[in-house]
Amino acid sequence: MADISKMRNIGISAHIDSGKTTLSERILFYANRIHAIHEVRGKDGVGATMDSMELEKERGITIASAATNVTWKEHPINVIDTPGHVDFTIEVERSLRVLDGAVLVLCSVAGVQSQSITVDRQMKRYNVPRIAFVNKCDRTGANPYRVKNQLIEKLGLNAVLIQIPIGLEDKLQGVVDLITMKAVYFDGESGEKLRYEEIPATLQAEAEEKREEMLDAISMFSDELMEAMLEDAVTEDLIHEALRKGTIALELVPVMMGSAYKNKGIQPLLDAIITYLPNPTQVTNTALDLDNEETPVKLVADDGAKPVILGFKLEDGQYGQLTYIRIYQGRVKKGDELMNTRTQKKFKIGRLVKMHASSMEDINEVGAGDIAALFGIDCASGDTFCHPSLNYSMTSMFVPNPVISLAVNPVDKKAADNMAKALNRFTKEDPTFRTYVDPESNQTIIQGMGELHLEVYIERMRREYKAEVLTDKPEVAYREAISQRADFNYTHKKQTGGSGQYARVAGYIEPIPEGEDAPNYEFIDSIKGGVIPTEYIPSCDKGFQAALKKGTQLGFPIVGVRAAINDGAYHPVDSSDQAFQTAALQAFRETYEKAKPVILEPIMKVSVEGPTEFQGNIFGSINQRRGIIISSTEDGANCAVDAEVPLSEMFGYSTVLRSLTQGKAEYTMELAKYSKVPQSVSEELKKAYQEKKKELSK
Amino acid sequence: MEVQELNELSPLRAFDKSLHGGLGKGNLGVLVSRHGVGKTACLVHLATDKLFRNQHIIHVSFSGNVDHVISWYKEVFRQISENRDLEDATHIYNEILANRVVMNFSQENVSVEKVLSSLETLIRQGSFNADAVMFDGYHLTTASEEDVRKIKEFAMNMRLEVWFSVSPVKMDVTYDEYGVPETMLKYEELIDVLIGLKYSEDMDKVVMTLVKDGDDITPHPMQVNLDPKTMLIVN
């Protein structure tokens with residue numbers, strides 16, 4: 001049985017191209033799980049083991065996170081490889097949810113980039129303790145000291161060097177361990193043989209200075225260490241203990257370095273993972289008790305407790321659906337019964353496996369704190385599985401609303417069937433990916449977080465499901481809103497034959513002022529003297545909400561509306577729930593034009609990074625896209641520009657940016673806010689909407 | 001209150017009046033004091049006032065962190081809008097922010113040429129029609145005369161009003177009674193307006209003195225000073 005205090009669940013998070021996949025590969029190699037190292041874009045055509053999807057291999061990026069179990073010095077470590085592109089952040093977020101610690105990989109040349117900032121913000125949100133690894137120290141321009149300073153300045157982390165490099169760029173030989181004060185070299189064909197030597201004389205003074213800095217920074221986490229420093233009796237164990245305390249408390253980030261590609265610095269990183277990152281019992285996890293008004297319940301990572309399990313990732317395997325699970329408490333074995341608290345359906349555990357990137361190992365049972373995978377369970381990503389006597393749900397994960405949609409048309413009947421299968425799978429795997437059939441055009445619409453996000457799924461439909469589809473132009477998820485107050489007084493009357501309908505509602509609608517926490521809808525009931533009976537007040541509320549679902553300008557939802565009723569009338573026989581719903585709906589529709597409706601569009605926070613020489617082109621490209629430059633930061637040869645740009649102007653930006661900067665700049669984006677569309681654009685949008693409607697009605 | 005009224009009532013009108021209508025384009029203005037007297041806030045207040053009057057501002061900073069500067073703007077705006085009970089404040093904030101760009105240079109000892117060339121790139125290629133540039137924390141006291149001359153030329157050619165907030169780099173400088181360090185005096189002739197900031201315990205205010213105004217080099221007390229709590233300019 002695994003000793004839980006030795007177990008580690010860690011993620012490797014980073015900016016795209018900072019060498020994260022290569023690093024994961026080396027970690028698997030040194031832990032003796034794979035026998036040869038494959039490069040991400042390997043000449044041998046095999047590709048890195050962690051990139052299990054064909055598409056990922058082709059693009060050299062990792063899209064889906066694969067959980068892999070390795071053992072290092074008798075510590076079982078579950079490594080979760082997380083995607084680096086911001087369009088797939090739900091994958092990153094979901095991985096972070098199940099992690100107890102993480103390695104933040106940074107490129108020693110590019111340093112802290114916009115994506116690192118996003119990933120770090122996510123880690124903060126999920127309270128994930130982390131170690132920083134400055135990779136690619138063999139590259140020209142490598143400077144781990146600069147990266148450490150950026151961690152402090154840009155990410156506000158208390159970053160502390162625990163190593164210094166021996167040589168840099170093509171002269172990188174190894175690292176000096178500031179704790180043992182030894183030089184570490186990585187010999188053998190794949191750096192598998194560690195050689196410890198005295199610190200080179202030229203580095204002695206620097207090493208001593210940096211060790212002092214490290215001790216000063218970590219002594220606040222351990223009184224014992226502080227005393228030992230005064231008495232000059234510092235031991236390695238005291239340093240480890242202080243580093244561990246600071247790291248787990250999220251108040252310190254140890255900074256390590258090396259080059260995964262050159263096989264330097266990986267084993268010390270593995271040592272640090274088991275020394276400084278927490279085991280599952282040192283992390284607090286809570287679930288919500290659905291039987292008790294969602295009261296938070298603390299979970300205990302103990303085999304004896306009743307099982308609570310989160311399904312955090314689905315994958316379509318050769319033998320059916322594979323569900324990656326994290327066991328938060330309890331122990332489960334084959335044949336045990338669990339309940340999916342979302343569907344309230346019970347199921348029996350069939351096959352239970354541990355995963356190694358693309359191969360697997362059957363196991364009979366799995367204990368608290370561990371990560372494994374189940375076969376053949378019908379569920380969605382993010383579902384909670386409990387002992388049938390519990391009704392817990394793990395805290396709902398933060399799921400942003402999609403900002404872009406695209407109509408997909410299968411080329412034939414077979415493609416249509418395959419597409420349906422694919423979409424069913426994708427929506428289960430990824431909560432930010434949604435799909436529906438537009439009742440007006442009868443087209444299948446897919447929605448997601450960005451152009452690339454949708455492109456990847458279309459590619460996957462073609463490759464994995466043989467579903468050939470044609471796509472329309474992507475469409476932005478607009479919103480509608482009102483800009484001024486308007487009063488209404490509407491009577492809904494239908495009293496000809498049979499049971500009649502009667503309801504009168506009066507009041508006003510007005511915009512809710514902008515603000516960070518402004519709600520999308522507010523209902524105010526100011527009815528006095530029972531002119532509308534209490535039981536029909538919720539009907540009015542429902543009627544307004546129904547009206548808000550689809551505005552008349554572009555057919556998008558209406559947001560930021562306060563609807564108030566202050567007068568009305570009813571009929572003892574003919575009034576009903578339905579009559580008041582209809583009255584409120586119609587009242588809203590009738591008043592909408594008077595309230596001067598406007599169109600809102602998603603504005604993206606765009607971060608572009610590239611060499612300073614292309615700064616002008618970057619500024620120009622933002623300016624041409626109705627963008628607003630918020631800030632520009634220059635740091636030597638590199639510059640980073642932050643801007644706010646309407647999503648509708650961002651289509652095809654990656655291609656444009658590549659050609660403007662000889663492929664040397666890159667960008668990330670995320671939703672910042674919704675803002676009013678300029679008048680000219682709004683007229684065009686309305687015209688196009690009317691034309692489309694006309695065409696559909698033909 | 002609406003923006004127009006807020007602008008009319010702003011203490012910055014008295015500030016401009018002290019300068020006989022403001023600094024004016026093509027000119028260099030300097031706010032100088034010891035560290036920690038509130039120059040950045042003061043500079044951001046000057047900038048925010050310009051934003052309220054639909055001018056375009058470039059804020060140049062030399063720290064590693066842009067967020068720090070952005071939070072200063074947020075805070076100064078919040079204080080002004082709450083004091084004056086500004087209508088539809090969030091909307092106005094988002095609107096005026098479109099006219100501000102923060103330009104940050106985080107490498108040490110960046111050259112004046114580099115800074116000016118980046119500013120020019122932003123103005124020309126980014127089509128950002130700047131009215132004023134605020135240099136926050138520029139090491140003016142250790143800059144060469146040549147550097148200051150280049151900035152002056154740039155301000156004239158690009159029709160910009162240029163403000164600096166300056167604290168001396170060296171610790172052991174002496175300050176005169178208006179809070180102006182001796183190291184500042186060598187550029188006096190290149191600078192059009194020089195304002196010294198000094199905390200007065202008696203008044204519990206940061207006193208602003210117009211040490212130089214064009215050709216006039218007799219120090220005059222200004223009609224405004226800094227509130228040491230909010231760090232805003234007050235009447």
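Select Arg159(B): does this residue count as buried or exposed? It counts as exposed, because it has 11 C-beta neighbours inside 10 Å. (Buried takes 20 or more other C-beta atoms within 10 Å of a residue's own, exposed 12 or fewer, and partly exposed is in between, with C-beta atoms placed from the backbone.) Arg159(B) sits in the loop between helix 7 (145-157) and strand 5 (161-166) of chain B. Helices here are DSSP runs of H or I with at least four residues, strands are E runs of at least two, and both are numbered from the N terminus. Check the backbone while you're there: Arg159(B) is not a glycine, yet its phi is positive, about 55°. Most residues other than glycine have a negative phi.

A quick word on the ground rules. This is a predicted model, where local features need pLDDT of at least 70 and side-chain atom pairs count only at pLDDT 80 or more, while totals for chains, interfaces and linings use all residues. Residues are numbered from 1 along each chain as its sequence is written, and chains are lettered from A in the order in which they are written.

Next, jump to Asn263(A), in the loop between strand 11 (253-257) and helix 9 (266-276) of chain A. Its phi is positive too, near 60°. Asn263(A) counts as buried because it has 21 C-beta neighbours inside 10 Å.

Now colour by chain and find where A touches B. Here 19 residues of chain A are in contact with 21 residues of chain B; contact means that the C-beta atoms, placed from the backbone, lie within 7 Å. On chain A's side, helix 14 (615-623) and strand 36 (628-635) are the elements that give two or more residues. Strand 36 of chain A brings the largest share, eight residues.

Stay on that strand. Strand 36 of chain A runs parallel to strand 3 (residues 100-105) of chain B, joined by four bridges. (Strands pair if DSSP finds at least two bridges between them.) Pick Thr633(A) and you'll find Asn104(B) opposite.

Last stop: the hairpins of chain B. Strand 7 (residues 205-213) and strand 8 (residues 220-226) pair antiparallel over four bridges, and Leu210(B) has His220(B) as its bridge partner. Between these strands are six residues, and Gly214(B) in this hairpin has a positive phi near 65°. Strand 8 of chain B also pairs antiparallel with strand 9 (residues 233-234), over two bridges. Select Leu226(B) and its bridge partner Ile233(B) to see that pairing.

Methods. Two residues are in contact if their C-beta atoms, placed from the backbone, lie within 7 Å.
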